[in-house]
Amino acid sequence: MDALVGRVGRRFFGKLATDSKNTAYAADGAVQRIEPNGRVSLFPTRGGRGFWPATAVAVGPKDELFLLSRESGGVCVEGQDSREILRLGEKGSGDGQLNAPSDLDLDRAGNLYVADTENNRIAVFGPGGKFARNLAAGKLEKPIAVAADAKGNVYVIES
């Protein structure tokens with residue numbers, strides 16, 4: 001196994017997401033791109049008005065970036081050309097709305113899981129971006145991290 005080493009400054013990153021070319025991405029307000037050779041640069045995001053800052057990132061099956069903004073309560077999906085493909089969620093507490101979300105992950109089928117922290121649930125969006133369901137609504141206490149494995153299991157860390 002090769003180790004990827006790149007210096008991205010002094011900020012804390014919760015996790016890295018990698019694309020099919022082994023380029024890693026991390027979000028700390030801006031989106032850092034760490035290439036396999038260790039070169040670090042900013043991913044030139046073009047997310048629309050009112051979206052930033054990006055606080056978490058996941059990579060989709062076509063290497064598109066799913067960027068989460070805790071502040072705006074939404075997810076912006078951007079292609080490798082930095083163009084916005086889709087926007088999911090909005091601030092609120094209804095189905096498909098998010099309140100201070102803190103993390104996101106994708107499963108093999110392309111479903112997006114969002115740790116909807118202040119709504120105490122995991123919001124699930126289908127592969128096309130349509131809201132699908134809420135997981136564990138009312139059973140979680142401030143979920144801050146979410147991960148989906150290859151078998152379809154969803155793991156959650158609460159604060």
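Predicted model: local features only at pLDDT ≥ 70, side-chain atom pairs only at ≥ 80, totals over all residues.
User: I'd like to start with the aromatic rings. How many aromatic pairs does a search of the whole structure find?

Analyst: A pair of aromatic rings is described by the distance of the centres and the angle of the planes. Here the search finds 2 aromatic pairs. One of them joins Tyr-25 and Phe-43, with 6.0 Å centre to centre and 85° between the planes, an edge-to-face arrangement.

User: Which parts does the pair of Tyr-25 and Phe-43 tie together?

Analyst: Tyr-25 belongs to strand β2 (residues 24–27), while Phe-43 sits in the loop between β4 (40–42) and β5 (56–59), so the pair links parts 18 residues apart in sequence.

User: Is Tyr-25 buried or exposed? And Phe-43, buried or exposed?

Analyst: Buried means under 20% relative accessible area. Tyr-25 has 0%, so Tyr-25 is buried. Phe-43 has 3% relative accessibility, so Phe-43 is buried too.

User: Why is the pair of Phe-125 and Phe-131 edge-to-face?

Analyst: Planes over 60 degrees apart count as edge-to-face. The ring centres of Phe-125 and Phe-131 are 5.9 Å apart and their planes stand at 75°, so this pair is edge-to-face. Phe-125 is buried at 2% relative accessible area, whereas Phe-131 is partly exposed at 22%.

Methods:
Residues numbered from 1 in each chain as written. Heavy atoms only, no water. Phe/Tyr/Trp six-rings, centres within 6.5 Å; stacked < 30°, edge-to-face > 60°. Helix = DSSP H or I, 4+ residues; strand = E, 2+ residues; numbered from the N terminus. Buried < 20%, exposed > 50% of the residue type's maximum accessible area, 1.4 Å probe, protein only.
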